[in-house]
Amino acid sequence: MGGYWSGILSILAINVIFAYGIFLPVATGQLNLGGAGFQALGAYVAAYLSYNYDWPVGATLPLAILVAGVVGFLVAFPILRLRGVYLVLGTFAFAEVVAGLILNSETLGGAMGLPVPAFVDYGVPIVLAALVTLFVFFLMSTRFGLVMRAVHDDEVVSDLMGVDIRGVKVAAFAIGAGLCGLAGGLYAHTFTYVEIQAFNALVSINVLLFVLLGGTQTAFGPLFGAAFFTLLPEALRILLPDLQQAVASLFGIKGEVRAPDDSWRFVILGLVTVLMMVFRPEGLVTRPLTEKLRPRRRARLAGGEVAA
Amino acid sequence: MTAPILSLDGVSKSFGGLDVISNVGFDVAAGGRTALIGPNGAGKTTLFNLIFGVYRQDSGAIRLEGRDISTVPSRRRIGLGMARSFQNIRLMPHLSVIENIMLGQQARANGLGAMLTPLSLFGRTKWRVEAEALLASMGLGTYPCEVVATLPYGIRKKIEVVRALAASPKLLLLDEPAAGLNPSETANLRDFLVEIADGGVTLLVVEHDMGFVRSLCDHAVVLNFGRKIYDGPTARVQDDPDVLEAYLGPRHAPAAAGEGAHAA
């Protein structure tokens with residue numbers, strides 16, 4: 001496999017893990033726009049340990065999860081007192097604070113960043129992304145997953161049903177932060193270099209978009225969202241010249257057409273995002289959709305029981 | 001009369017100078033079917049919210065089986081043996097019917113082990129089996145996997161009652177269960193509730209439909225402007241001059257008293 005495709009596979013796997021990290025709080029009704037902050041924490045923990053102490057990947061990644069998770073847990077208590085747009089701003093501010101601290105830290109390389117000696121190929125991120133996906137599917141099938149979705153739908157009633165609202169929110173936020181940390185650690189080992197500029201606000205916005213557009217009602221959503229928005233720009237990169245030619249010929253222009261650069265694919269990406277928001281605001285994968293696909297399996301099972 | 005399961009004593013609540021509940025006290029007999037009625041804005045739903053701790057009362061005591069529950073946080077009150085439905089259906093719209101019922105079991109499943117057990121990933125757990133049996137016993141066995149938002153109003157109304165039952169309550173508080181139902185659905189709901197009451201659950205029902213109240217409840221408490229104006233048998237509530245005045249205005253009270261006029 002070429003370096004280009006293995007790179008895309010790594011990015012895809014990292015984005016899937018990252019998206020699940022944001023999905024968990026969002027599924028409980030907490031929009032988290034601080035994804036880049038937690039990812040940066042994980043990335044710098046992994047980079048620092050790898051660069052200074054030559055720790056292997058098997059040790060840096062668990063610590064990246066732990067540090068981001070514990071920080072997420074501690075930050076959750078004050079930050080989850082905020083609601084709606086204030087919570088979004090609060091998480092956003094958290095990411096900015098993390099970026100500011102790292103940028104001004106000598107030990108973490110400041111604006112220069114840190115090199116990461118230990119490199120991982122696409123295999124490790126892929127396997128971890130598969131494990132994280134299974135973990136989140138498992139979590140969503142438990143009573144914890146049930147109350148997460150209940151808290152998302154109606155906090156007052158969930159409370160009266162006996163759900164520990166704050167406990168559920170803090171747990172979902174902290175576990176999500178840990179997953180963002182894992183995504184960050186994998187980022188560090190994949191690109192073998194971390195600099196804080198890579199963990200900017202656009203990263204937080206993009207990962208939240210993956211989740212919201214993929215769908216927050218089921219664990220399928222982040223998987224589809226991350227895959228779609230990671231692969232679409234690459235697909236456009238390949239298809240764009242043909243697409244330009246086709247559009248040009250519609251307007252009667254013949255011969256070679258060349259756009260000034262390939263930033264046009266971001267225009268198309270934006271267009272797709274807007275169209276999704278208009279026609280599918282609940283996201284690509286919704287609960288009624290997964291239930292619609294289920295009866296066939298159920299009917300088969302029921303038929304099997306009767307036959308047996 | 002048996003010992004009351006729920007007892008309110010001098011309960012008052014005001015919001016910013018507006019007295020919504022003023023010195024209200026009454027008993028709900030264990031095993032009985034009590035109606036809580038009154039014109040719109042009388043404070044019936046507020047009283048439910050006080051009983052469940054959504055708000056804390058300013059003064060007075062709320063006792064469940066003799067124990068003052070005023071300081072118990074709202075989250076823990078369902079675990080004391082009471083559950084409720086809501087005036088406007090408040091099922092979780094994105095959850096399936098069976099998931100809503102399993103949410104109703106939450107008060108009995110709060111430990112870490114119970115929280116991290118998959119509900120139906122590897123075969124059916126006891127929670128799932130129990131919820132399905134409860135649904136089936138209430139004649140709703142055909143709907144377990146439907147997402148609630150897609151179901152008709154009358155069905156959702158019943159599912160909300162079943163969700164409350166999933167907590168295995170001794171006392172069930174229903175806030176306008178018949179509102180918005182057509183006559184046949186109302187009759188159906190009445191039979192449904194009688195069955196629940198016969199199973200040993202005490203009912204306290206807020207309702208406007210007097211025909212429904214008469215056919216379901218033996219005892220009635222009437223509120224008007226946050227004060228209790230009647231506390232007695234349902235059969236005589238429409239002969240009470242205070243009640244008639246509350247519903248029809250002072251001019252009509254004496255004339256209407258002998259006619260058994262509609263209170264709703």
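Two residues are taken to be in contact if their C-beta atoms, placed from the backbone, lie within 7 Å. The structure is a predicted model, in which local features need pLDDT of at least 70 and side-chain atom pairs count only at pLDDT 80 or more, while totals for chains, interfaces and linings use all residues. Residues are numbered from 1 along each chain as its sequence is written, and chains are lettered from A and ligands numbered from 1 in the order in which they are written.

Chain B is divided into domain 1 (1–81 + 169–264) and domain 2 (92–167), with bounds from an automatic or database domain assignment. The centres of these domains of chain B, taken over C-alpha atoms, are separated by 27 Å. In chain B, 12 residues of domain 1 are in contact with 10 residues of domain 2. On the domain 1 side, the elements giving two or more residues are β7 (171–175) and α7 (183–198) of chain B; helices (H or I, at least four residues) and strands (E, at least two) are DSSP runs, numbered from the N terminus. The most is given by α7(B), with four residues. This side of domain 1 of chain B comprises nine nonpolar, two polar and one charged residues, where Ala, Val, Leu, Ile, Met, Phe, Trp, Tyr, Cys and Pro count as nonpolar, Asp, Glu, Lys and Arg as charged, and the others, Gly among them, as polar.

In chain A, the axes of helix α2 (residues 35–53) and helix α4 (residues 84–103) come within 7 Å and cross at roughly 35 degrees; axes are lines fitted to C-alpha atoms, for helices over the stretch in contact, and angles run from 0 to 180 degrees between N-to-C directions. Residues making the contact include A:Ala40 and A:Tyr44 of α2(A) and A:Phe94 and A:Val98 of α4(A). By class, the contact of α2(A) with α4(A) has nine nonpolar, one polar and no charged residues.
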